[in-house]
Amino acid sequence: MSAARRRWRKISNLVMLTCTGLCALLAVGAMVAILGFLVWKGAGALNWDFFANLPAPVGVPGGGMANAIVGTGKLLLLASLFGLPIGLLSGVYLAEFGSRPSSFVIRYVTDLLNGVPSIVIGIFAYAVIVLPMKTFSTLAGGFALGVMMIPIAVRSTEESLRTVPPGLREASEALGASRTTTVVRVVVPASFRAVLTGMMLALARVAGETAPLLFTAFGNNDWSSGWMRPIASLPVMIYNYAISPFRDWHRQAWAAGLVLLGLVLLANIAAKLLIGRAAEAEY
Amino acid sequence: MAAGGVRGVPLAGAAARRSAEPEGKPEAVTRIEVSHLNFFYGARQALHDINLAVPANLVTALIGPSGCGKSTFLRTLNRMYETQRHTRLDGSILLDGEDVLEMDLALLRRRIGMVFQKPNPFPKSVFDNVAYGPRINGIEGKLSDAVERSLRRAALWDEVKDHLQKSAYALSGGQQQRLCIARALAVNPEVLLLDEPCSALDPVSTAKIEELLFGLKESCTIVMVTHNMQQAARVSEYAAFLLDGRMIEYAPTPRLFTTPSDPRTEAYITGRFG
């Protein structure tokens, strides 16, 4: 190899390494910057009152977002109960049982659903639940979020199941197991971690959705009992507080953002720990 | 699918409970009898008019170059081909005189176990791997006894008895393959199909598996696909040579290797092709 060629290789290597490294830094940097900003702007407004109290009128000290934190929890619970089972089972169908044409159609429609703007899903939930029931409700908000979770859960489940080596299915079927037994006892357990990670991803993805909640869950300055009343949620709270003219509320909006991020992170860590323990018990 | 009328091979009927090879072991009982078997992947015919009688409690080896249909043939015996789309089979396969093609699939696969080329333990503990078959098939008796018995038969018990709850993935490749054999044995199959079980293993592991096959013959009939002609010569009593989806020759192993009757068999075993 000539000296010039060697030098050229070294230079191109250096350039590419710098490019990839810089981009990786930027990717991490975005997250760090968001987190830093939230802490910088919002940490000051975080105190016991924020977690324990209801929102207070402007100028009254000690207001909090307890109702929105609980509201977000309730909405996500409902969304998960609705969206995750449908997503999981459709994913299983796609990966294990679907014929070619039916899988194609389901996959295509799922991708379309994934691409539907969240505000449109909100209108849909408004039309099918809020209008007939004549009230904004937790149910409508949870339904809207649940619909948004479906495509994410479907595709992540499908992808996870597809990573299970075909040899495992063969081994199970060669022992006389039916297709269903094989899926339930071998394939799903083998990809359990990946499936649950996908579910967490779906949850995290919708936890911060605001648009579908605006005219479904609507918002509430008070506690909301049951499932048939308007309910407060962190994203909608952030939206309302952030566009208000009050400095006090702006700080609380930042704090709410921080709490929302923290909750998603916490749910993630808890799921990882749970999955880890379950997996350990199994092996 | 199962053509009832094509059993007119020399071995058919009640008298055909005797072996294919009169000169070999006239007393051997036929466990599996294949007649006029044709197999298709879509429009492509992969097996042409295969006739073969597998003698009970012996090892029958299937040899031949890559793509000759050995594995395809093996997968017809327990109907594993049904997991693939667009396959078609005609002819007849009898297990102890019963039509395999009409049999309940779960029952058939309990009676004919299979071990694959690449070790494929489940991502579960050693114990749960072996217990899988008994659990789904609901075999009576104590589960732990069945597991121990199977692991002993697969010559793995001494190596894993203190690690039954550990992941099967912690075992070496050779141990994993013996675990797969134990898993197949746990439902007490009459026949064990082995699809190149040693091709991914080192010589020491291979020797262990060959040795345990020897002990298994008492209780099992073994049909084994192998690339390795030395292996076929070492472990099998009967050998079939396949080429391009046709069975060229089927004879007692010593005879097939020393005085093959077909020039193509001779060409293959002397290494002129394949």
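No salt bridges are counted between domain 1 of chain A and domain 2 of chain A. The model is a predicted one. The side of domain 1 of chain A that touches domain 2 is made up of seven nonpolar residues, one polar residue and one charged residue.

The domain assignment places residues 3-45 of chain A in domain 1 and residues 51-282 in domain 2. Nine residues of domain 1 and seven residues of domain 2 take part in the contact. The centres of the two domains, taken over C-alpha atoms, are 31 Å apart. About 730 Å² is buried between domain 1 and domain 2 of chain A. Carbon and sulfur atoms give 87% of this area. On the side of domain 1, Leu38(A), Lys41(A) and Ala45(A) supply 61% of the area buried against domain 2.

Aromatic pairs were counted over all chains, giving 16. One of the pairs examined is that of Phe39(B) and Tyr81(B), with ring centres 5.1 Å apart. The planes of Phe39(B) and Tyr81(B) stand at 75 degrees, over the 60 degrees required, so the pair is edge-to-face. The two residues lie 42 residues apart and link distant parts of chain B. Phe39(B) belongs to strand E1 (residues 30-41). Tyr81(B) sits in the loop between helix H1 (70-77) and strand E4 (87-95).

Notes: Residues numbered from 1 in each chain as written. Chains lettered and ligands numbered in written order. Predicted model: local features only at pLDDT ≥ 70, side-chain atom pairs only at ≥ 80, totals over all residues. Heavy atoms only, no water. Domains from an automatic or database assignment. Contact = heavy atoms within 4.5 Å. Buried area = accessible area lost by both parts, 1.4 Å probe. Salt bridge = Lys/Arg side-chain N within 4 Å of Asp/Glu carboxyl O. Nonpolar A, V, L, I, M, F, W, Y, C, P; charged D, E, K, R; others polar. Phe/Tyr/Trp six-rings, centres within 6.5 Å; stacked < 30°, edge-to-face > 60°. Helix = DSSP H or I, 4+ residues; strand = E, 2+ residues; numbered from the N terminus.
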